[in-house]
Amino acid sequence: MVRKKGQVTLKDIAQALDLSINTVSCALKNRNSISPETVRRVKEKAEEFGYIPNSVASSIRTGYTRTIAIILGDIANAYFAIMVRELERITSKENYVAMILVTDEDPQLETKAIQAALSKNVDGIILFPTCRTEAGINLIRKVGTPFILIGRRLPDSNMDYIVSDDVNGGYLATRYLLDRGHKRILLFAGPDCVSSAFERKLGYLKAMEAAGIATEDLIIPCDITVNETMNRLIKKTLQCRKDFDAIFTYNDIIAFRIIRIACQMKIALPDIVGYDNIQSKLDFGFNLVSVNIYKSLMAEKAATCLFSRIHNPKEIDGYFNEVVPVDLNLTPEKI
């Protein structure tokens with residue numbers, strides 16, 4: 001008999017072995033009430049038939065789909081790729097399947113991604129929010145699905161989130177450059193509506209103000225994704241501006257792109273500091289001084305909080321709001 005995977009039912013296995021459907025079900029779940037020999041026979045027959053458990057039927061019985069949606073901005077950014085890998089590792093260990101949805105940092109695409117996740121009846125959502133996430137958040141709240149923000153937060157603090165200490169990170173990066181004798185430090189800053197970009201800029205301003213250095217002409221507004229517009233901005237800056245002696249960037253990806261374009265233009269770069277320390281997980285072949293955020297720790301805390309919300313929905317005692325400390329990594333280490 002030729003069978004297609006996904007079409008085999010417990011009844012098929014039960015009939016083939018002359019067992020009850022309940023016995024087959026318990027055997028596949030390794031219940032102690034079933035003899036080892038019966039478990040062996042059932043599992044062999046299930047493998048022979050290509051049996052795959054029906055997760056839809058299971059979700060109807062239990063109320064859980066065992067799926068988590070991870071909604072992020074830019075999968076081409078190694079930071080997001082690292083975080084997704086960490087989150088997927090943790091959710092898989094808890095026997096959850098991760099659904100990955102990408103927004104391209106577009107609020108409208110983000111809302112559609114949230115709608116898609118909710119339509120699949122996911123048990124929870126881990127969200128790297130865009131600039132304007134209110135519509136999506138309101139939708140999640142209406143449905144009642146547990147969720148947590150990671151990496152960025154919103155003005156409305158009445159929700160779970162975990163972020164890095166971006167103000168201190170911006171300060172540490174700028175202080176490092178000042179201590180090396182630099183004064184004209186350019187900041188490639190993301191949009192203020194992104195909490196991490198705004199707070200990193202606050203840290204930069206704090207350090208520069210303490211050093212008595214004006215910053216009006218040193219802050220370069222830019223997007224948070226690397227695209228052709230970003231490339232043109234970098235080229236124009238390197239070609240036209242000779243009045244700076246160091247660079248601090250919103251994230252490592254921008255720093256790497258500046259280094260690459262400078263090499264193509266055969267321009268010697270001064271000291272440059274990035275943010276995220278993605279080289280702690282990926283080897284790019286050269287060192288970049290970068291603010292280190294503890295990515296594995298943040299992923300672990302976010303997942304733990306979300307699982308708690310999923311399994312204990314009535315035990316809400318305030319919101320989980322955590323700011324994880326950062327440090328400056330002069331030489332990439334595995335963290």
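Helices of at least four residues and strands of at least two are taken here as DSSP runs, numbered from the N terminus. On that basis, the secondary structure of this protein comes to twelve helices and twelve strands. The model is a predicted one.

**Overall form**

The protein has 335 residues, of which 48% count as buried. Its C-alpha atoms fill a box of roughly 85 × 45 × 35 Å along the principal axes. Among contacts with a separation of 6 or more, 67% are made by residues 24 or more positions apart.

**Helix 2 and its surroundings**

Helix 2 spans residues 21–28, and helix 3 spans residues 36–49. The axes of these two helices come within 9 Å and cross at roughly 90 degrees. Angles of 65 to 115 degrees count as roughly perpendicular, and helix 2 and helix 3 are therefore roughly perpendicular to each other. Where they meet, helix 2 contributes Thr-23, Val-24, Ala-27 and Leu-28, while helix 3 contributes Thr-38, Val-39, Val-42, Lys-43 and Ala-46. An α-helix has 3.6 residues a turn, so residues three or four places apart point the same way.

Thr-23, Val-24, Ser-25, Cys-26 and Ala-27 of helix 2 are buried. The cover over the buried residues of this helix includes helix 1 (10–17) and helix 3. After helix 2 comes Asn-30, whose phi is positive, near 60 degrees.

Lys-295 belongs to helix 12, which covers residues 295–311. This lysine is buried and has no salt bridge. Such a bridge requires a side-chain nitrogen of Lys or Arg within 4 Å of a carboxyl oxygen of Asp or Glu, whereas the nearest side chain of opposite charge to Lys-295, that of Asp-252, is 6.9 Å away. A polar atom of the Lys-295 side chain does lie 2.9 Å from the backbone oxygen of Asp-276. Beyond residues up to four places away in sequence, Lys-295 touches Tyr-79, Ile-82, Met-83, Asp-276, Asn-277, Ile-278, Ser-280 and Lys-281.

His-182 is located in the loop between helix 8 (166–179) and strand 6 (185–189). Buried means under 20% relative accessible area; His-182 has a value of 13% and is therefore buried. Its contacts, leaving aside neighbours within four places in sequence, are Leu-177, Asp-245, Ala-246 and Asp-271. The side chain of His-182 reaches the backbone oxygen of Asp-245.

The distances for the two side chains are set out below.

| Side chain | Backbone oxygen and distance |
|---|---|
| Lys-295 | Asp-276, 2.9 Å |
| His-182 | Asp-245, 3.1 Å |

Note on methods
Residues numbered from 1 in each chain as written. Predicted model: local features only at pLDDT ≥ 70, side-chain atom pairs only at ≥ 80, totals over all residues. Heavy atoms only, no water. Buried < 20%, exposed > 50% of the residue type's maximum accessible area, 1.4 Å probe, protein only. Lys, Arg positive; Asp, Glu negative; His and termini not counted. Polar contact = N/O pair within 3.5 Å; in protein donor to acceptor, adjacent residues only side chain to side chain. Contact = heavy atoms within 4.5 Å. Axes fitted to C-alpha atoms, helices over the stretch in contact; angles between N-to-C directions. Parallel < 35°, antiparallel > 145°, perpendicular 65-115°, else oblique.
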